[in-house]
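Colleague: I would like to learn how to read ring contacts and strand pairing from a set of coordinates. Please take one feature at a time.

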Amino acid sequence: MMLGLLSLASCSDDDSPILDFSRTELPKLNSLGQNVMYVYNNQNTKYVFTWSQARFFFKDAYASTSIGGYEKGGVTYELQCDTVGNNFATPISAGSVTSLNSLTIDAAELAKTIEATYPQPDSIVPLEFRIKAQFGSTDTTIIYSSNVLPVTLNYAGKPAAPAPDHAPYKVYVDDQTGWDATTLYIWNDGGKVKDGWPGVAPTSTEKIGNTTYKVWELDEAYQKAKGMHFIFNNNGGGTQIDDVLSGFEFTGNVYLRLNADKTFQQLPDPFAKTIRLYVKNTTGWSDTYLYMWSNGGDVADPWPGLRLDGGNKVTLNGVEYTEYYLPQAYVGKTGANFIFNNNAGSQFDGPQNVNLDHDLGVTLSSTGANEENLPARIFVLDGSGWGDLSLYAWNETGNMVGWPGVHYSFTENINGLEWKVFVMPSDYAANAVNYIFNNNGGGSQFDAMSGYTIKGETFVSITSKSYTVIE
């Protein structure tokens with residue numbers, strides 16, 4: 001490597017100084033001692049670079065500074081660095097001083113500058129440093145140090161990146177377009193979010209219930225982007241569905257259906273948290289409403305609240321209830337206080353200070369509301385293909401119910417998926433038991449949920465060989 005390279009700009013100004021190399025003295029960087037800079041050293045991340053003074057001598061045509069002109073015009077020193085082997089092709093400035101021969105560098109700040117140019121390092125970055133010295137402000141008077149100083153930027157003690165608060169969100173597509181290939185292009189006000197046209201292909205397929213979805217598991221650039229617009233297309237073949245989602249940002253998984261006529265629908269999340277209210281109503285009211293308040297205000301709907309209309313008739317351990325689904329605006333709210341009313345002057349309090357994270361049962365009569373203890377229920381998304389389904393359980397005390405166990409009580413459609421609902425006897429909920437899914441004793445089975453204690457309602461997705469408990 002040739003050291004002390006001179007930068008000479010072409011200049012037509014006859015008064016420009018011309019360096020006399022026979023006498024000019026190049027600066028020289030001194031050793032740091034350990035030649036390692038620690039980015040995450042809690043005691044000290046500051047390091048002092050020093051060097052010898054440069055001496056600028058010029059040809060006789062610039063006589064006024066012909067004998068060491070740095071005293072008159074001042075010399076600006078810039079400390080430059082680059083990765084080893086790059087030969088300062090893209091030098092990074094670590095700082096500069098005038099008429100001094102030392103500079104204090106903060107390794108942590110330097111690391112930020114380097115990371116803006118190079119990928120985020122994991123452990124160490126081998127660097128080379130040099131000094132760029134300039135007399136006055138004339139570009140024709142630049143020299144570099146006679147040596148380069150190797151220094152390793154060490155990331156020992158680097159804190160671990162915080163774990164994401166959720167798994168990467170996905171885009172699930174029920175693709176009915178008939179296209180040979182479907183790709184997803186995403187843009188926002190800054191242009192493409194990451195990948196250029198025609199976008200990215202699905203990463204996998206996944207069967208949920210009776211629907212096989214194409215699944216896009218998008219990387220961090222998309223997970224964090226805001227104001228996104230989705231365009232699905234036939235891999236750049238000239239057909240596309242514009243603005244499937246506009247001004248979008250991820251807050252959860254997305255479920256879509258693409259149609260052959262280039263329309264689309266956004267589908268409900270089949271696994272979104274749902275809360276059921278089981279009501280046995282003997283009030284005789286023509287209309288029944290449920291109002292909820294918390295912290296002095298409405299939980300969601302203003303008075304008189306939700307009209308309890310329709311619903312599904314279900315029997316839980318011999319008691320017939322009408323089952324209502326609370327709207328998503330209620331799910332997850334805390335400290336809810338119930339008031340049942342007929343919007344015509346009659347009302348009474350129901351359960352108080354309730355966290356809406358579980359199913360609730362209540363009996364209404366002309367004298368008031370009583371909260372009921374609901375039996376444990378297991379909702380099963382059955383992908384086994386067996387045609388029938390039972391659930392056997394056992395523990396150290398023996399069988400809870402003889403083989404093949406409990407048959408599902410009824411089916412229920414939740415967010416477009418059909419679930420088989422097992423209403424479990426009380427001794428199941430009171431004990432840690434081991435479960436076996438089977439085709440009602442027909443010869444197919446597998447073990448599941450070893451040592452599991454049912455709490456309220458449990459959701460499970462199964463295939464013919466495995467299961468997943470859905471939180």
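Predicted model: local features only at pLDDT ≥ 70, side-chain atom pairs only at ≥ 80, totals over all residues.

Colleague: How many aromatic pairs does the structure hold?

Modeller: There are 24 aromatic pairs. To classify a pair, look at the angle between the ring planes: under 30 degrees is stacked, over 60 is edge-to-face, and the rest are tilted. For Trp-386 and Phe-446 the planes stand at 50° and the centres are 5.9 Å apart, so this pair is tilted.

Colleague: Where in the chain do Trp-386 and Phe-446 lie?

Modeller: Trp-386 is in the loop between strand S28 (377–382) and strand S29 (390–395), while Phe-446 belongs to strand S35 (residues 445–452).

Colleague: Are Trp-386 and Phe-446 buried or exposed?

Modeller: Both Trp-386 and Phe-446 are buried.

Colleague: What does the pair of Tyr-392 and Trp-403 look like?

Modeller: Its planes meet at 65°, with the centres 5.1 Å apart, so Tyr-392 and Trp-403 form an edge-to-face pair. Tyr-392 sits in strand S29 and Trp-403 in the loop between strand S30 (398–399) and strand S31 (406–407), so the contact ties together parts eleven residues apart in sequence. As for burial, the cut-off is under 20% relative accessible area. Tyr-392 has 9% and is therefore buried, whereas Trp-403, with 43%, is partly exposed.

Colleague: Which residues do ring pairs link into a cluster?

Modeller: The cluster consists of Tyr-169, Trp-216, Phe-230, Phe-232, Phe-248 and Phe-250.

Colleague: Which charged side chain sits over the ring of Phe-379?

Modeller: Here one checks the distance from the charged end to the ring centre, as well as its position over the face. The charged end of Arg-276 is over the ring of Phe-379, at 4.7 Å from its centre. Likewise, Arg-130 lies over the face of Phe-88, 4.3 Å from the ring centre.

Colleague: Now the sheet. In what order do its five strands come?

Modeller: In general, strands of a sheet pair through backbone hydrogen bonds, in parallel or antiparallel fashion. In this model, five strands form an open sheet with mixed pairing, ordered S12-S13-S9-S16-S17. Strand S12 (204–208) and strand S17 (264–267) are the edges, each pairing on one side only. On average, neighbouring strands of this sheet are turned by 30° against each other, direction ignored.

Colleague: How many bridges join strand S9 to strand S13?

Modeller: Four bridges join strand S9 (residues 170–175) and strand S13 (residues 211–217), and the two run antiparallel. Val-171 stands opposite Trp-216 in S13, and Trp-216 also belongs to the ring cluster named above.

Definitions and conventions
Residues numbered from 1 in each chain as written. Heavy atoms only, no water. Phe/Tyr/Trp six-rings, centres within 6.5 Å; stacked < 30°, edge-to-face > 60°. Buried < 20%, exposed > 50% of the residue type's maximum accessible area, 1.4 Å probe, protein only. Lys NZ or Arg CZ within 6 Å of the ring centre and 35° of its normal. Pairing = 2+ DSSP bridges. Axes fitted to C-alpha atoms, helices over the stretch in contact; angles between N-to-C directions.
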